[in-house]
Amino acid sequence: MRKTKLLGSASLLSVLILSSVLSGCGSNSGDGSASSSASASSSPSASGSAPASASASADNPYAEHLDISLSWWGIGVAFEKHDELIQKLEKDFNVTLKPVDIGWDNYKEKNQVWAAAGQLPDIISNSLVNDSPATYNDWVKQGLIHALPDDLSAYPNVEKLAKAEDVQGVYRDGKLYAIPRMTYPNTDMWAVDRAIYVRKDWMDKLGIKDPTNFQEFDAMLKAFANQDPDGNGKKDTTGIVMNTLGYFKSVFMPTFPQFDNSGWLKEDGKWIPYYASKQMDQVVTQARQLYQDGALDPDFAVEKAGEANQKFYQNQAGALAFNVGSISGPTGIKAEWEKNNPGQNFFDHVKILHLWPSTDGTLYRHTSISFWSESMINADVDDKKLDRILRIYDWLLSPEGKEMFDYGIEGKDYTKDASGKITITRPKDGDNYIDLKKEYPSIEIISQLAAWRDSSHFEDTDANRAVQGADVLKFQLDELNWQLDNAKAIPTAFDISTMSTPAKDKLTINADDDFTKVILSKQDPVAMWHDIVKGYYDSKGLQAAVDEVTANEAQQGK
Amino acid sequence: MEKSWGKELYKYRYLYILLLPTVLFYVLFQYLPMYGVLLAFKEFHIKEGILRSPWVGWDNFAVLLKQSEFWQAFRNTVVISLGRIVFEFPAAIVLALLINEVAGRKAKRFYQTVFTFPHFISWVIISGILFNFLGSDGVLNQILAAFGAGKEAFLTNPGLFKAIVFLSNIWKEVGWSAIIYLAAIAGINPELYEAAYMDGANRFQQLLAVTWPSIRGTAAILLILAVGNAMNGNFDQIFNLYNPGVYSTGDIIDTYVYRSAFADGSGFGVSTAIGLFKAALNFALLYTANFAVKRLGGEGLV
């Protein structure tokens, strides 16, 4: 009797331990043989929330309630409060949105891991087409992502996007596997995606004029670091800080235009990526000089994205490499700077520094392919869900969608009369209307899901004036117009950035890391860079890629 | 023969039942996932899975051996691991011996808690603390500046990176690692100390004649394990502390694999090949250390 009891309790104990072990691996879905209980709980709880209209007719495309998971940078926090905007979207399209979080520092890794584990969300936010076309081709080849239907006429706004000129490079074998996220409607407006903010009060104090070449620029930043521009008697300032390295690279636009936008160029009859160009010699020399002179923030390599901006806001740096649009908003450059300098007007102290012309006399401005990053649809999504997703995207890209993103919810935040005139009715906080982001934390994400809408930021409208403030809007528009009037876009081979050739697809080079390494080192920068390109990049297949791209371009007479 | 085996099994059935979960755990999480090493000889196609991806022979290893960055990472891993065994391994023993000499139960507890605490802070946070300490406007630079010295870039200086790695890991882990030695010390028969005292041994002589011989066996086993772990190099720590400026001395195999597999996307095949290479080395090292300890008269693991 006692023995059976002992046997019973021993086996009970082991079963308990076992089941807890097994349920740990159960969430890995797929071959649900291991645990039935765990896989049951991971299946979507669609039955839980009843469809909005149970008596819908068969041809109502929204009849069936669907769960759609989507990934986005920081979506977890923004969707935490199930705000009215999300509710409206979910009700209109009869879906439940399941947020899947990714971070700016790790989204590529996360996407790769999910791809390998078969756990990609329904709507995937990633940046493959521009940043790693090899992985994009891989995903297409391996059937991880859904091709959009050939006939997109049911979704006119998506169709318009699919027919845009520089989107044609995204097609593979005649099919589109990604919805590119347009930053600006054209490649010109990218000019405002780079800006060097500079403390004009410091320049005045130290008697410095706008630099007309690199040496003067270096001297100015050096003076910021060494000549106590804030007059506090301490040596606690630095020259230039950066939001991320990409923005800082624009400083070298006059030296080597394609370095700024990581483009390909033709040199000695061959098409080469910027890092293999002879012009890199001067770039690495100048970058090293900035670092050695203390003109460049000594901590730039260890700071995380956005961390160094604080130095500019707190009067510890004389210049900040970022973009024009980031000036506005409650966490924008102006607001943050004024928070740290109470009672002072940002515009009295800061301006955007215009770079000098390059050696050929041309003044260049930043440009890029008109989209950055893309939405991709998981290959496991069925036709019904694909249709629903495309309907949502069509609405996101429509004028109605835009109206909501600009003004909020009709009847609550604004009213519209018969002639279409819009009156904003939401409450004010001081001079400005309350930021929609406060009311709807999800608005930024939902409005950017299909397109970045960066250009809407630069529209001369009442809504923009109300939200950003008239002076901020004017500042940005003035900068945009100045760039368009005075500077010329960097000559860029847009077709190569999305081009796919066997060797180019295999070429994965992180030149930014090596650039950083060269800046920080004490060895000769030019010799170091040559070693990296000749020794390391060549061993990764650089030359084969150059040959293939050159051959490809030659076929098109370029 | 077979019958007696069955008898044996029946006799100790309760013990075997209790052993079962552990065995299954190892089968499920340690042995079954090992089929993943097949990837080292395959070109991974995500949709087809590991088993159905095509074979490529030794291609992945060939790619690996051609990369100069791999050899740099390999060298760094060996050097950092050696340094860990030389600097970090004895630190815990020394601390345990010192804490043991502290008079008074309360004081002993206090010191042990204080030294153990950093173990529970994650490397992400420690990297932030270190940045505040060693950054260009950090505490250390401010002290240096007060003495009129120039600013030093500690965190991006490849020559200093290893020292930072060792020191920060000792700070974080030494208290935690000392626990096992303290437990061994607590198990020493007090009569041994009394006998030594009667023989006129002072505290230092007691330490050498009683305490150290009693924990030497524990130390030997932990040393074997540490050597067997040598090629791992503590990814978490390095990843949070390093930057492109110190790749030349700080990039270890694990961080290199991480960058090439995920950030650069150069393929899971090559990364698995590196992993397999590393595991084979670890295995060889473990056996060598075990053999060496046995030859020196200690008790080995196998």
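In chain A of this predicted model, 74% of the contacts between residues at least 6 apart in sequence join residues at least 24 apart. The chain holds 26 helices and 19 strands. Of its 558 residues, 41% are buried.

A321(A) sits in strand β11, which covers residues 317–322. A321(A) has 27 C-beta neighbours inside 10 Å. The cut-off for a buried residue is 20 or more, so A321(A) counts as buried. Neighbours within four places in sequence can be set aside. A321(A) is then in contact with I196(A), I240(A), M242(A) and N243(A), and also with Y247(A), F248(A), S250(A) and V251(A).

M203(A) belongs to a helix, α8 (residues 200–206) of chain A. M203(A) also counts as buried, because 21 C-beta neighbours lie inside 10 Å. Its C-alpha atom lies 8.8 Å from that of G318(A), a residue 115 positions away in sequence. With neighbours within four places left aside, the contacts of M203(A) are V198(A), I208(A) and M220(A).

Helix α6 of chain A spans residues 133–141, and its buried residues are P133(A), A134(A), T135(A), Y136(A), W139(A) and V140(A). The cover over these buried residues includes α5 (107–117), β4 (171–172) and α23 (502–506) of chain A. Just beyond α6(A) comes G143(A), with a positive phi of about 65 degrees.

A positive phi also occurs at S262(A), a residue other than glycine, where the value is near 55 degrees. S262(A) lies in the loop that joins α11 (257–260) to β9 (264–267) in chain A. It counts as partly exposed, because it has 18 C-beta neighbours inside 10 Å.

Chain B also has a helix numbered α6, at residues 105–116. This helix has twelve residues. From first C-alpha to last it reaches 16 Å, close to the 16 Å expected at 1.5 Å a residue. Of the twelve residues of α6(B), one is buried, so the helix lies largely in the open.

An unreviewed UniProt entry lists transmembrane regions in chain B at residues 12–32, 78–98, 110–134, 174–195, 207–227 and 268–287. Two of these stretches can be compared with the model. Residues 110–134 of chain B are 76% helix and 0% strand, and the end C-alpha atoms are 29 Å apart. Residues 268–287 of chain B are 100% helix and 0% strand, again with 29 Å between the end C-alpha atoms.

Helix packing was examined next. Two packed helices are described by the angle between their axes and the distance between the axes. In chain B, helix α9 (residues 158–186) packs on helix α11 (residues 203–228) at an angle of about 140 degrees, with axes 9 Å apart. The two helices α9(B) and α11(B) are therefore oblique to each other. Their crossing is right-handed. On the α9(B) side, the contact is made by I180(B), Y181(B), A184(B) and I185(B). On the α11(B) side, it is made by T211(B), S214(B), I215(B), T218(B) and L222(B).

Helix α11(B) also packs against helix α15 (residues 268–295) of chain B. Here the angle is about 155 degrees and the axes are 7 Å apart. That makes α11(B) roughly antiparallel to α15(B), because the angle is over 145 degrees. The crossing of α11(B) and α15(B) is right-handed. A220(B), L223(B), I224(B), V227(B) and G228(B) of α11(B) take part in the contact. Their partners in α15(B) are N282(B), L285(B), L286(B), A289(B), N290(B) and V293(B).

Helix α10 (residues 190–198) of chain B packs on α11(B) at about 140 degrees, with axes 10 Å apart. The crossing of α10(B) and α11(B) is right-handed. L192(B), Y193(B) and A196(B) of α10(B) meet Q206(B), A209(B) and V210(B) of α11(B).

The loop between α11 and α12 (235–241) of chain B contains N234(B). This residue is not a glycine, yet its phi is positive, at about 65 degrees. N234(B) is partly exposed, with 19 other C-beta atoms within 10 Å.

Terms used:
Residues are numbered from 1 along each chain as its sequence is written. Chains are lettered from A and ligands numbered from 1 in the order in which they are written. This is a predicted model: local features need pLDDT of at least 70, side-chain atom pairs count only at pLDDT 80 or more; totals for chains, interfaces and linings use all residues. Helices (H or I, at least four residues) and strands (E, at least two) are DSSP runs, numbered from the N terminus. The expected span of a helix is 1.5 Å times one less than its number of residues. UniProt positions are given in the numbering used here, feature names are shortened, and annotations may be inferred rather than shown by experiment. Axes are lines fitted to C-alpha atoms, for helices over the stretch in contact, and angles run from 0 to 180 degrees between N-to-C directions. Angles under 35 degrees count as roughly parallel, over 145 as roughly antiparallel, 65 to 115 as roughly perpendicular and the rest as oblique. A crossing is left-handed if the near helix is turned anticlockwise from the far one by less than a right angle, and right-handed if clockwise. Two residues are in contact if their C-beta atoms, placed from the backbone, lie within 7 Å.
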